[in-house]
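Visitor: I would like to learn how to read pockets and charged pairs in a model. Please take them one at a time.

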Amino acid sequence: MSRPAILFVCLGNICRSPLAEAALRAEAERAGLDIEIDSAGTADWHIGKPPDARAQAVASSHGVDIADLRARQVCAEDFARFTHIYALDHKVLASLRTIAPSGTRAKIGLLLDCVPGCEGEPVPDPYYGEDEIFEVTWAYVSAAARELVTRLSA
Ligand code: 4NP
């Protein structure tokens, strides 16, 4: 099998998907798993910006530094480069399905469908919320990262 390549996609690529990227990097490293991991947003609003300071703070509190990440917009090439593309919520999933080139072999799905008990749920968007929601976001993306590593290690 070719090396798995996983892309997480949210709206702005400054809150949820960089945290998902960071959580999977940490879990994959712990498991000694060699996978390509990246994140992107469907919107172009924050291209080139670092993750939101609150996302950086929650990642840092869990021992992961995401200060060097920079937001980018998902593009057609992503559907050839990545084996799996995970949307953080349903609106993003719908956007991905709209822009996916016909015949793409990338598996496109909702991230929390891989977490038992959370199937069909979105990862809460913390951007307009209280700081504490970033901790909830981290809990969700960490649970998903652990599931993905288990599946990819099998
Ligand atoms: P993200 O959060 O999609 O998890 O990165 C958001 C970031 C920015 C905005 C909305 C959500 N915004 O409206 O600028």
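Guide: This is a predicted model. Start with the second largest pocket, whose lining has seven nonpolar, three polar and two charged residues.

Visitor: Which residues line the second largest pocket?

Guide: Its lining includes the run Cys10, Leu11, Gly12, Asn13, Ile14, Cys15 and Arg16. Trp45, His46, Asp125, Tyr127 and Tyr128 complete the list.

Visitor: How is such a space found, and what volume does the second largest pocket have?

Guide: The general idea is that rolling a probe the size of a water molecule over the atoms shows where empty space is left. In this model, the second largest pocket has a volume of about 170 Å³.

Visitor: What is the volume of the largest pocket?

Guide: The largest pocket has about 290 Å³. It is lined by 14 residues, and those closest to its centre are Phe82, Thr83, Arg105, Ala106 and Lys107. By class, eight lining residues of the largest pocket are nonpolar, four are polar and two are charged.

Visitor: Now the charged pairs. How many salt bridges does the structure hold?

Guide: In general, side chains of opposite charge can pair when their charged atoms come close. Here there are ten salt bridges. One of them joins Arg25 to Glu21, with 2.6 Å between the closest N and O atoms.

Visitor: Why are Arg25 and Glu21 about one helical turn apart?

Guide: Because they are four residues apart in helix α1, which covers residues 16–31.

Visitor: Which partner does Arg54 have?

Guide: Arg54 forms a salt bridge with Asp52, at 2.8 Å from N to O. Arg54 has a relative accessibility of 23%, which means that it is partly exposed. Asp52 is at 14%, so it is buried.

Visitor: What is the N to O distance in the salt bridge between Asp78 and Arg72?

Guide: The distance is 2.9 Å. Both Asp78 and Arg72 are buried.

Visitor: Which residues are linked with Asp78 and Arg72 in a network of salt bridges?

Guide: Glu36, Asp38 and Arg81 belong to the network along with Arg72 and Asp78.

Conventions: Residues are numbered from 1 along each chain as its sequence is written. This is a predicted model: local features need pLDDT of at least 70, side-chain atom pairs count only at pLDDT 80 or more; totals for chains, interfaces and linings use all residues. Side-chain values use heavy atoms; hydrogens and water are left out. A salt bridge is a side-chain nitrogen of Lys or Arg within 4 Å of a carboxyl oxygen of Asp or Glu. Helices (H or I, at least four residues) and strands (E, at least two) are DSSP runs, numbered from the N terminus. Buried means under 20% relative accessible area, exposed over 50%, partly exposed in between (1.4 Å probe, protein chains only). On a 1 Å grid over the protein atoms alone, a cavity is a set of points where a 1.4 Å probe fits but cannot get out, and a pocket is an open set with protein on both sides within 12 Å along at least five of seven lines; lining residues have an atom within 4 Å of a point. Grid points are joined across faces, edges and corners, and a volume is the space filled by probe spheres set on the points. Ala, Val, Leu, Ile, Met, Phe, Trp, Tyr, Cys and Pro count as nonpolar, Asp, Glu, Lys and Arg as charged, and the others, Gly among them, as polar.
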